[in-house]
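Colleague: Please look at this with me. I want a close view of a single part, and then its setting.

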Amino acid sequence: MGEFYIEGGRPLDGSLRVQGAKNSVLPILAATILHRGTSVLKNCPRLRDVEASTEILRHLGCRCRWEGDALVVDAAGVDRWDVPDRLMRSMRSSVIFLGAILSRCGRAELSMPGGCELGPRPIDLHLAALRRLGAVIDEGGGRLRCEAPELVGRELTLSMPSVGATENSILAACGCEGTTVILNAAREPEIADLQRFLNAMGQRVRGAGTSTVTVEGRRPTRDAVHTVMPDRIVAATYLAAAAAAGGDVELQGVDYRHLSTVTAALHEAGCQIHSGGDSIRIRSQGRLRGIRPVRTAPYPGFPTDAQAVLMAALLRSRGVTVFVENIFDSRYRHVDELTRMGADIRVEGRVAVVCGVDRLQGAEMACTDLRGGAALAVAALSAEGESRLTAIHHIKRGYEDLARDLRLLGAQVEER
Ligand code: EPZ
């Protein structure tokens with residue numbers, strides 16, 4: 001299963017190119033079936049979740065192969081519309097295939113995605129949007145049975161700016177007769193990347209990145225080549241690592257505008273940040289200081305996915321920082337593990353209060369989820385002595401090789 005052994009107390013130094021974005025490539029992989037031909041996805045990260053998605057694509061009848069850092073998908077042979085329970089359970093965000101399968105096949109059958117480490121993951125907004133476009137969906141027995149003989153474009157409003165529901169709506173809208181207007185859409189940069197891919201394929205999507213997205217359906221499609229955008233949460237993770245351990249780190253191939261709330265928080269904590277072009281440089285020395293409350297929110301607010309790693313960077317700060325997790329019901333599972341190192345964190349519902357301590361001790365900790373696991377590694381870099389991280393399979397869902405990257409920056413991290 002693998003474990004990380006991390007020796008703390010060493011500053012980070014060096015530069016690193018950031019991998020392609022998991023939360024962009026996953027909906028893009030689902031979108032490849034909208035074209036009866038080939039899509040080439042450059043800068044595709046090699047992740048467990050990408051493997052899970054290619055398994056689903058192969059099950060549906062696609063052929064997938066790697067060519068260097070590019071994943072090539074040939075969706076000409078799609079001849080199924082079901083995703084078996086085994087594959088649905090391998091990745092909670094598999095529900096993103098629903099809109100694309102409906103568009104391609106006119107019907108779809110998936111198991112309910114169920115919950116995950118972050119708490120219940122309802123899909124009511126997804127289903128309401130697809131029904132609005134004409135899908136007939138039966139939810140009995142833990143399976144979704146969807147018929148959409150005629151998807152018709154119309155105006156639909158999401159009751160909250162859900163990332164996945166926005167993406168599913170866009171993918172279903174590509175199969176609609178006429179134009180769909182999605183109101184109160186999520187504005188995450190990954191949705192703009194999905195739009196770029198879809199338009200390269202011949203679709204006609206406009207407005208992604210704003211609250212109103214317009215899709216003209218039933219467009220003729222063509223083979224497409226797309227370069228996946230950089231992963232802003234992986235970038236935030238490495239910035240938090242440099243902030244926690246101290247040092248001088250430059251990240252390359254990032255769009256600093258995508259994580260400005262994270263860099264603003266680290267600057268307020270006492271780090272020096274220099275952003276420009278496609279790089280971000282962070283310098284951190286001495287102890288950080290507590291910052292104003294961190295409230296997670298839909299983009300462009302502070303990203304929920306960066307909450308845990310920022311918390312880890314502030315464990316030894318002077319002062320107190322209050323976190324308010326507004327997106328997920330259960331996203332503080334890393335706190336109990338961090339307190340094993342001597343961190344002082346109090347959780348009350350959505351609020352976590354971090355009181356900085358002078359020292360952290362290396363400890364044995366178990367990763368609880370993807371970003372919570374990354375936070376344990378960030379905290380271990382600033383602790384005295386060795387930390388042992390188990391259940392690191394969570395981390396591999398979203399980071400190509402966290403141990404390798406941290407070693408490139410001078411950290412002492414071993415995977416055994
Ligand atoms: C995406 O999840 C990301 N995953 C998450 O990243 C990210 O944390 C999240 O967006 C918020 O930014 C991918 O893109 C694959 P939501 P998603 O729909 O689409 C509730 C990571 O670490 N909700 O915006 O599932 C939901 O329960 C992962 O990389 C409903 O109630 O997020 C949550 O509380 C974790 N009904 C909130 O909305 C619905 O139908 C935000 O969910 C849908 C969502």
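Which residues in helix 1 are buried?

Modeller: First, some ground rules. This is a predicted model, in which local features need pLDDT of at least 70 and side-chain atom pairs count only at pLDDT 80 or more, while totals for chains, interfaces and linings use all residues. Residues are numbered from 1 along each chain as its sequence is written, and side-chain values use heavy atoms, with hydrogens and water left out.

Now the helix. Helices (H or I, at least four residues) and strands (E, at least two) are DSSP runs, numbered from the N terminus. Buried means under 20% relative accessible area, exposed means over 50%, and partly exposed is in between (1.4 Å probe, protein chains only). In helix 1, the buried residues are Lys-22, Ser-24, Val-25, Leu-26, Pro-27, Ile-28, Leu-29, Ala-30 and Ala-31. That is nine of the ten residues of helix 1, so the rest of the structure largely encloses this helix.

Take one residue from it. Ser-24 sits in helix 1, which covers residues 22–31. Its relative accessible area is 0%, so Ser-24 is buried. What does Ser-24 touch, not counting residues up to four places away in sequence? Its partners are Glu-190, Asp-193, Val-228 and Met-229. Contact here means heavy atoms within 4.5 Å.

Compare a residue in a strand. Ser-275 belongs to strand 16, residues 272–276. Ser-275 is partly exposed, because its relative accessible area is 37%. Beyond four places in sequence, Ser-275 touches Tyr-256 and Ile-280. Ser-275 and Asp-255 are 20 residues apart along the chain, and their C-alpha atoms are separated by 8.9 Å.

Loops can hold buried residues too. Gly-175 is in the loop between helix 6 (163–173) and strand 11 (179–183). With a relative accessible area of 11%, Gly-175 is buried. Leaving aside neighbours within four places, Gly-175 is in contact with Ser-103, Leu-151 and Arg-218. Gly-119 is in the loop between strand 7 (107–111) and helix 5 (124–132). Gly-119 is buried as well, at 14% relative accessible area.

Next, the cores. A nonpolar core is a set of buried Ala, Val, Leu, Ile, Met, Phe, Trp, Tyr and Cys residues joined through side-chain atoms within 4.5 Å. The largest one has 77 residues, and Met-311 and Leu-389 have the most contacts inside it. Helix 8 (residues 232–245) gives the most to this core, with twelve residues. Another core, of 71 residues, lies apart from it and includes Ile-33 and Cys-176.

Finally, the whole protein. It has 14 helices and 24 strands. Its radius of gyration is 21 Å, close to the 22 Å that the globule rule gives for 416 residues, so the protein is as compact as a globular protein of that length. That radius is taken over C-alpha atoms, and the rule is 2.2 Å times the number of residues to the power 0.38. Along its principal axes, the C-alpha trace spans about 65 × 45 × 40 Å. Of the 416 residues, 58% count as buried. Of the contacts with a separation of 6 or more, 72% come from residues 24 or more positions apart.
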